[in-house]
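Here's a quick look at the inside of this chain. Have the sequence and the model open as you read.

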Amino acid sequence: QVQLVESGGGLVQAGGSLSLACAASGSTVTNYAMGWFRQAPGKEREFVASINWSGTYTNYADSVKGRFTIFRDNAKGTVALQMHSLKPEDTAVYYCAAAYRRSHSYTPRSDNDFGSWGQGTQVTVSS
């Protein structure tokens with residue numbers, strides 16, 4: 001099982017940018033597709049983005065497409081989420097997650113596909 005630790009959350013004004021990082025340890029990181037999810041107060045956890053084991057395939061929620069970028073550095077065991085043009089509705093706790101890879105291009109969107117989760121990091125976007 002891989003252990004995940006997020007960092008980089010904080011407070012930012014609308015229109016600003018923020019980067020989140022997720023450090024993976026305890027297992028071979030290339031065995032996993034990685035993803036980011038978020039959960040706002042009173043709402044269900046929702047998919048944000050995912051990336052396949054090698055970093056060559058990505059998948060984004062429509063709400064963040066064109067504003068967020070997910071990428072990974074397997075040598076360092078990290079996955080990052082760069083967020084630009086942030087909106088107040090992006091305010092949430094953001095979670096990093098790992099899904100054991102099923103194929104080369106595997107980029108899951110369902111949280112049921114992810115078996116390991118980080119503790120979350122808060123992102124607050126002020127208007």
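## The disulfide

In this predicted model, C22 and C96 pair up as a disulfide, with 2.1 Å between their sulfur atoms. The count of disulfides comes to one. This bond ties together distant parts of the chain: C22 sits in strand 3, C96 sits in strand 9, and 74 residues separate them.

Which hand does the disulfide have? The S-S torsion of C22 and C96 is about -80°, so the disulfide is left-handed.

And are the two cysteines buried or exposed? With the buried cut-off set at under 20% relative accessible area, C22 counts as buried because its value is 1%. C96 is buried too, at 0% relative accessibility.

## The core

General background first: nonpolar side chains tend to be buried together in soluble globular proteins.

Here, the largest nonpolar core has 37 residues, and the ones touching the most other members are M34, W36, L81, M83 and Y94. Strands 3 (18-25), 4 (32-39), 5 (46-51), 7 (68-73), 8 (78-83), 9 (92-100) and 11 (121-126) each give two or more residues to this core. Strand 9 gives the most, with six residues.

## Around M34

Conventions:
Residues numbered from 1 in each chain as written. Predicted model: local features only at pLDDT ≥ 70, side-chain atom pairs only at ≥ 80, totals over all residues. Heavy atoms only, no water. Core = buried A, V, L, I, M, F, W, Y, C linked by side-chain atoms within 4.5 Å. Buried < 20%, exposed > 50% of the residue type's maximum accessible area, 1.4 Å probe, protein only. Helix = DSSP H or I, 4+ residues; strand = E, 2+ residues; numbered from the N terminus. Disulfide = S-S within 2.5 Å.
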